[in-house]
Amino acid sequence: MSMLSNLLADLSSLLFPSGCVVCGGDVSGSMHGICTMCRYSIPLTNFWKTEDNPTKEHFAGIIPLVQASSFFYFSHESQWRMLIHRFKYGGEWRLAESFGRWYGRELRESGLYDDVDVVMPVPLHFIKAIKRGYNQSSYLAESIARELGKPTDRRSVRRHRNNPPQSRSSMGERWANVENLFSVVNPKALSGKHILLVDDVLTTGATLASLASAILASVPDARISIATLAVSRKIDGAK
Ligand SMILES: [Zn+2]
């Protein structure tokens, strides 16, 4: 092992002491909190490499988007669900940061996100943020922004309330539930900007659509793109 890989291994075990978050395996010498096996078997979508992809199509006719992408697929049965769960509820913000760097690098290399001006995490309601202690989408957005060489904006839009529980509601009810969730408090800051909205998981997309439409209603000359870390397998009918 070279000195550099030794150093990376030490750093990795320091940052991710509990082993691979997906399979529990040994993470020494690997990056992003997952073991080398999982690193190579992660079900990446490659959506960020093309303009037309299932994430973008998902919002067609609902929100006009410049680009849209998701990084990897997850299904409720898959172990990759655990990764999302850990960084959403397990306090493992370092995972969000680490995956944000990886995803951000891919977005940069695709060239499709070059003219993004600002990166914005989906705002959490402040009570939820206090309860959880952090906003995982913020860590994700900040790492992506760093890789793209762009600033983040966490202040121009505010969230009024949490989404109500959605598991039993119908699709129509879900969309009605997320109306007026957000308001733009500083439209000037967003005027004329290409804004990349970042969220952890894309399932129905209702929250992201609500955020995008609130921005476009207040800032008609803004342009919107979307990047989510994970996407439900259902999005392209694969499962
Ligand atoms: Zn693993």
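Predicted model: local features only at pLDDT ≥ 70, side-chain atom pairs only at ≥ 80, totals over all residues.
Residues are numbered from 1 along each chain as its sequence is written, and side-chain values use heavy atoms, without hydrogens and water. Local features need pLDDT of at least 70 and side-chain atom pairs pLDDT 80 or more, while totals for chains, interfaces and linings use all residues.

The zinc ion is held at 2.3 Å by the SG atoms of Cys20, Cys23, Cys35 and Cys38; donors are N, O and S atoms within 2.8 Å of the metal (3.2 Å for Na, K and Ca). These donor residues follow the spacing C-x2-C-x11-C-x2-C. The angles among the 4 donor atoms run from 105 to 115°, and the site is tetrahedral (four donors, all angles between 85 and 135 degrees). Cys35 is buried because its relative accessibility is 6%, and Cys38 is buried at 7% (buried: under 20% relative accessible area; exposed: over 50%; partly exposed in between; 1.4 Å probe, protein chains only).

Strand 6 (residues 223–232) has 9 of its 10 residues buried, so the rest of the structure largely encloses it. Strands are DSSP runs of E with at least two residues, and helices are runs of H or I with at least four, numbered from the N terminus. Strand 6 pairs in the parallel sense with strand 1 (residues 68–74) over 6 bridges (pairing needs at least two DSSP bridges). Tyr73 stands opposite Val231 of strand 6. Strand 5 (residues 194–202) also runs parallel to strand 6, joined by 8 bridges, and Val201 has Ala230 as its bridge partner there.

Phe126 lies in helix 6 (residues 126–132). Phe126 counts as exposed because its relative accessibility is 55%.

Terms used:
Tetrahedral: all angles 85-135°; square planar, octahedral: opposite > 155°, others 65-115°.
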